[in-house]
Amino acid sequence: HTDPDKARAMLREAGFAPGDYELEFSFGAQSAVPVELIVKSLEAAGFKATPRLVPGDALDTFNRDPDAPVNLRMGGTGWCSDWPSGASFVADLFQSDSVDNFSQFAEPEVDAEIERIRQLPFEDQPAAWGALDKAIMTDHYPAIINYYQAVPKLHGSRIGGLNADDIYTMPTWKDLYVMQ
């Protein structure tokens with residue numbers, strides 16, 4: 001959920017008047033959310049929003065470039081978990097040398113903790129990944145969710161249990177069944 005009033009209050013608390021803090025971001029012509037909606041939302045939250053059109057298939061390359069002329073990178077759209085573990089998300093998004101680290105986040109202690117957690121017994125990893133995720137988002141806050149894409153799914157009349165998992169943004173495979 002979004003709260004433009006709270007965002008504006010937080011910007012004021014940080015010393016910025018409405019429109020003082022500029023967010024420059026890239027978008028592709030085929031973006032899932034129209035750029036006009038993103039601009040409107042960011043401006044309602046008190047930011048100056050400057051979108052930069054990136055042609056065709058160059059968007060991921062552009063967003064992975066630490067020298068790109070943007071300070072807000074959008075990535076990870078359409079990504080669903082291949083395994084229900086922090087190793088599928090936390091490491092990919094926040095490890096310094098990950099190609100999916102769109103935020104260019106680099107903290108040696110986080111890298112070391114990722115490697116430590118990977119060596120833990122499987123049953124000990126969920127709590128450790130959760131604690132690391134909380135620490136990253138509390139101490140550093142390198143990523144934000146800027147929109148939620150609906151998950152429409154077509155299926156046949158004899159397919160049951162096709163539900164979207166709100167956490168993994170993919171079907172809940174364990175619930176699928178064929179009706180007789």
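Start by selecting Arg-73, in the loop between helix 3 (59–64) and helix 4 (90–94). Helices here are DSSP runs of H or I with at least four residues, strands are runs of E with at least two, and both are numbered from the N terminus. The model is predicted, so local features need pLDDT of at least 70 and side-chain atom pairs count only at pLDDT 80 or more, while totals for chains, interfaces and linings use all residues. Residues are numbered from 1 along each chain as its sequence is written, and side-chain values use heavy atoms, with hydrogens and water left out.

**Stop 1: around Arg-73**

Stay on Arg-73. It is buried (under 20% relative accessible area; exposed is over 50%, partly exposed in between; 1.4 Å probe, protein chains only). Arg-73 has no salt bridge (a side-chain nitrogen of Lys or Arg within 4 Å of a carboxyl oxygen of Asp or Glu). Asp-65 is the nearest side chain of opposite charge, 5.9 Å away. Charge here counts Lys and Arg as positive and Asp and Glu as negative, leaving out His and the chain ends.

What does the side chain reach instead? Show the backbone oxygen of Asn-63, 3.0 Å from the Arg-73 side chain. Then show the backbone oxygen of Asp-65, 2.8 Å from a polar atom of that side chain.

Now display the neighbours of Arg-73 beyond four places in sequence: Asn-63, Asp-65, Pro-66, Asp-67, Ala-68, Phe-102 and Gln-104. Contact means heavy atoms within 4.5 Å.

**Stop 2: two positive phi values**

Move to Gln-104, in the loop between helix 4 and helix 5 (108–118). Its phi is near 60°. Most residues other than glycine have a negative phi. Gln-104 is partly exposed, at 32% relative accessible area.

Next, select Tyr-141, in the loop between helix 6 (125–139) and strand 3 (159–160). Phi is positive here too, about 50°. Tyr-141 is exposed, with a relative accessible area of 52%.

**Stop 3: the nonpolar cores**

Select Phe-25, Ile-38, Leu-42, Phe-47 and Leu-72. These touch the most other members of the largest nonpolar core, which has 15 residues. Such a core is a set of buried Ala, Val, Leu, Ile, Met, Phe, Trp, Tyr and Cys residues joined through side-chain atoms within 4.5 Å. Helix 1 (4–13), strand 1 (22–27) and helix 2 (35–44) each give it two or more residues. Helix 2 gives the largest share, 4 residues.

Zoom in on Leu-72. Beyond four places in sequence, Leu-72 contacts Leu-23, Glu-24, Phe-25, Ser-26, Leu-42 and Ile-144.

Finish at a second, separate core of 11 residues, including Phe-94, Ile-114, Ile-117 and Ala-128.

How values were computed:
Polar contact = N/O pair within 3.5 Å; in protein donor to acceptor, adjacent residues only side chain to side chain.
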